[in-house]
Amino acid sequence: MTVKERIKKDPDGLLAKAYRFSENAHRGQKRKTGEPYFVHVLATAEILYEWQLDESTVIAGLLHDTLEDTHVTSKDLLTEFGEEITFLVNGVTKLGKIKYRGTDAEAKAENLRKMILAISEDLRVVFIKLADRLHNMRTLGALPPAKQKRIALETHEIYAPLAYRMGMQSISGELQDLSFPYLYPQEYRWLKEKMTEEYEDRLKYLDRLKPLVESSLREKGITKTQIDFRAKRYSSLYKKLLRNQMDLGKIYDLVAMRIILETVEDCYSALGTIHSLWPPLPGKIKDYIAMPKPNGYKSLHTTVIGPNQRIVEFQIRTVEMHKENEHGIAAHWIYKSHGKESVDTKKKIFEEAQWVKQLAKWQTTKNNGETSAEDFIESLKIDFFKDRIFTITPRGEVIDLPAGSTPVDFAYHVHTEIGDTAVGAKANNQLVPLSHELHSGDFVEILTQKNKKPSEDWLTFVKTSIARDRIRHALKRKTNALLNKQPIRSELKIVASDRMGLIKDITLIISRSHVNVLNLATTNIGEKFHTLRVSCDIVEKEKIEKLILKLKELKDIKEISYRLLESQIS
Ligand code: MN
């Protein structure tokens with residue numbers, strides 16, 4: 001069934017409502033292919049439906065671009081579709097804002113993949129994003145070349161590996177294959193040319209083996225068999241060719257025969273049958289049933305020398321394994337109802353799922369801790385990343401920080417200068433205090449002011465040692481400046497006729513201006529003109545000049561000048 005067929009069956013359901021809502025919202029919008037935009041969101045929902053995800057996810061797939069591209073608001077979605085669906089759509093919208101720039105090293109790509117998981121909070125958000133990406137990749141041809149390349153690279157480095165981690169082997173493979181021609185156009189053309197003939201040839205050969213395999217299995221009592229041929233993907237074939245001097249003859253698994261059976265016993269029994277027909281190549285028997293791949297992949301693989309000395313690869317697995325291999329985590333995500341029962345069933349499935357352990361291990365390598373799968377199942381949310389947050393700069397770069405970090409930590413991780421001159425911050429376009437606690441997925445912008453210096457109380461709330469060290473460093477510089485370089489007092493030189501009460505008049509004016517006299521000395525006593533040197537605790541030019549103007553109003557003042565002094569001792 002498809003989404004469209006389901007809607008026909010239940011025209012008043014929530015799915016039908018979402019269909020109409022989205023079609024309306026996107027009305028008039030066109031894709032680069034010329035089709036109505038709604039085609040894209042429907043295709044995304046169809047993919048999610050094909051993966052057998054729950055209805056909320058499929059609905060969120062239909063709505064996934066409404067917040068970004070139409071007048072629809074989060075509030076509208078909440079009223080029409082409730083909290084769960086709104087949460088999912090918001091999540092996908094957030095993910096869409098992260099732009100990956102390909103100059104990053106592999107470590108950064110890894111970070112980004114973790115961040116996608118962390119800020120999604122719910123794995124269903126990642127499924128929607130992957131379905132969205134899959135459809136965009138299938139229709140990438142319509143975009144301008146520069147954009148094609150950027151999106152293909154992002155798919156190759158971020159989304160395909162992410163899908164692989166989640167055990168979604170076939171989705172990951174398709175994403176890699178779709179990006180391959182855009183990233184390596186020449187290699188792709190070469191491969192396609194060479195492959196076509198080779199592929200046809202091997203297919204014909206395998207077709208002749210098929211009845212032989214089937215009848216031998218029947219003799220063993222295995223009747224429910226499903227056999228197909230699986231051509232190696234261009235993207236992985238190319239990788240393998242690079243390791244094999246570009247020699248297609250060395251690639252045995254160019255086309256593999258895939259045997260899908262009912263039970264695990266059948267699988268082992270079929271392995272024996274095949275080995276009794278043709279001798280296996282030593283070292284080529286792989287038991288991924290007993291020892292699944294880290295991403296949860298399960299199957300038996302063997303390579304044998306077939307008729308005419310040709311080499312053939314077999315993959316043997318159960319129906320269930322096959323489904324899991326293709327869809328990974330998504331294969332576990334089938335909800336029938338929202339009752340307690342379904343949660344328990346799901347718990348059980350999750351506990352057994354290899355990928356949960358793998359995903360948990362993946363993220364805890366840093367803290368060497370054991371994250372129990374139960375914690376994860378408990379919430380059905382991604383909270384592996386409790387102790388790290390992933391924040392985003394205005395340029396779309398990811399800053400990885402410990403949980404509880406503040407805009408000041410963020411600023412110092414972007415650049416020392418930005419930290420030193422920070423005066424304010426915005427998180428997701430909202431002004432926040434510098435001591436604000438940031439969260440995963442926050443878009444953070446730091447407001448700076450030239451010549452600003454860090455404040456000492458930042459030390460009371462920063463979380464990272466980098467920030468702490470740099471604040472201390474800057475504060476030290478500030479103190480040094482005060483002690484050594486910057487003026488700390490001024491000295492006025494007043495030339496006046498000597499008269500009674502002159503000094504009193506001068507000090508009165510100074511104190512009325514709220515300036516403290518640090519020292520006062522007179523010279524040339526007994527001569528016609530007196531020279532007074534008054535040192536004050538002001539260093540601002542403007543204040544000093546104001547004071548001088550007032551002093552000049554006094555009788556008998558001839559001349560006033562000043563200089564700034566850097567130390568206490570004159
Ligand atoms: Mn989309």
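Good morning. The model is predicted, so local features are reported only at pLDDT of at least 70 and side-chain atom pairs only at pLDDT 80 or more, whereas totals for chains, interfaces and linings use all residues. Residues are numbered from 1 along each chain as its sequence is written, and side-chain values use heavy atoms, with hydrogens and water left out.

I begin with the whole chain. The protein chain contains 22 helices and 14 strands; helices (H or I, at least four residues) and strands (E, at least two) are DSSP runs, numbered from the N terminus. Of its 570 residues, 46% count as buried. Here buried means under 20% relative accessible area, exposed means over 50%, and partly exposed lies in between, with a 1.4 Å probe and protein chains only. Taking contacts between residues at least 6 apart in sequence, 66% join residues at least 24 apart, where contact means heavy atoms within 4.5 Å.

I turn now to the metal. Which protein atoms are the donors of the manganese ion? They are NE2 of His40, NE2 of His64, OD of Asp65 and OD of Asp132, at 2.1 to 2.3 Å from the ion. Donors are N, O and S atoms within 2.8 Å of the metal (3.2 Å for Na, K and Ca); water is not among the atoms, so sites may look incomplete. Along the chain the donors follow the spacing H-x23-H-D-x66-D.

Among the buried residues are Phe38, His40, Val41, Leu42 and Tyr49. The cover over the buried residues of α3 includes α1 (3–9), α2 (14–25), α4 (55–63) and α8. As to its length, the 13 residues of α3 should span 18 Å at 1.5 Å a residue, and its end C-alpha atoms are 18 Å apart, which agrees; the expected span is 1.5 Å times one less than the number of residues. Just after α3, Gln52 takes a positive phi of about 60°.

Next, helix packing. The axes of helix α10 (residues 169–183) and helix α11 (residues 185–219) come within 5 Å and cross at roughly 115°. Axes are lines fitted to C-alpha atoms, for helices over the stretch in contact, and angles run from 0 to 180 degrees between N-to-C directions. The two helices α10 and α11 are therefore roughly perpendicular; angles under 35 degrees count as roughly parallel, over 145 as roughly antiparallel, 65 to 115 as roughly perpendicular and the rest as oblique. Phe180, Pro181, Tyr182 and Leu183 of α10 meet Pro185, Glu187, Tyr188 and Leu191 of α11. These contact residues divide into seven nonpolar, no polar and one charged. Ala, Val, Leu, Ile, Met, Phe, Trp, Tyr, Cys and Pro count as nonpolar, Asp, Glu, Lys and Arg as charged, and the others, Gly among them, as polar.

How do α11 and helix α12 (residues 234–243) cross? Their axes come within 11 Å at roughly 95°, which makes α11 roughly perpendicular to α12. The contact is formed by Glu187, Tyr188, Trp190, Leu191, Lys192 and Met195 of α11 with Tyr234, Leu237, Tyr238 and Leu241 of α12. Eight of these residues are nonpolar, none is polar and two are charged.

Finally, some loop residues. Asn308, in the loop between β4 (300–305) and β5 (311–318), has phi near 60°, a positive value in a residue other than glycine. At 60% relative accessibility, Asn308 counts as exposed. Asp556 lies in the loop between α22 (541–552) and β14 (557–565); its phi is near 75°, again positive in a residue other than glycine, and at 24% relative accessibility Asp556 is partly exposed. Glu437, between β9 (430–432) and β10 (444–448), is partly exposed at 45%. Leaving aside neighbours within four places in sequence, Glu437 is in contact with Gly404 and Ser405.
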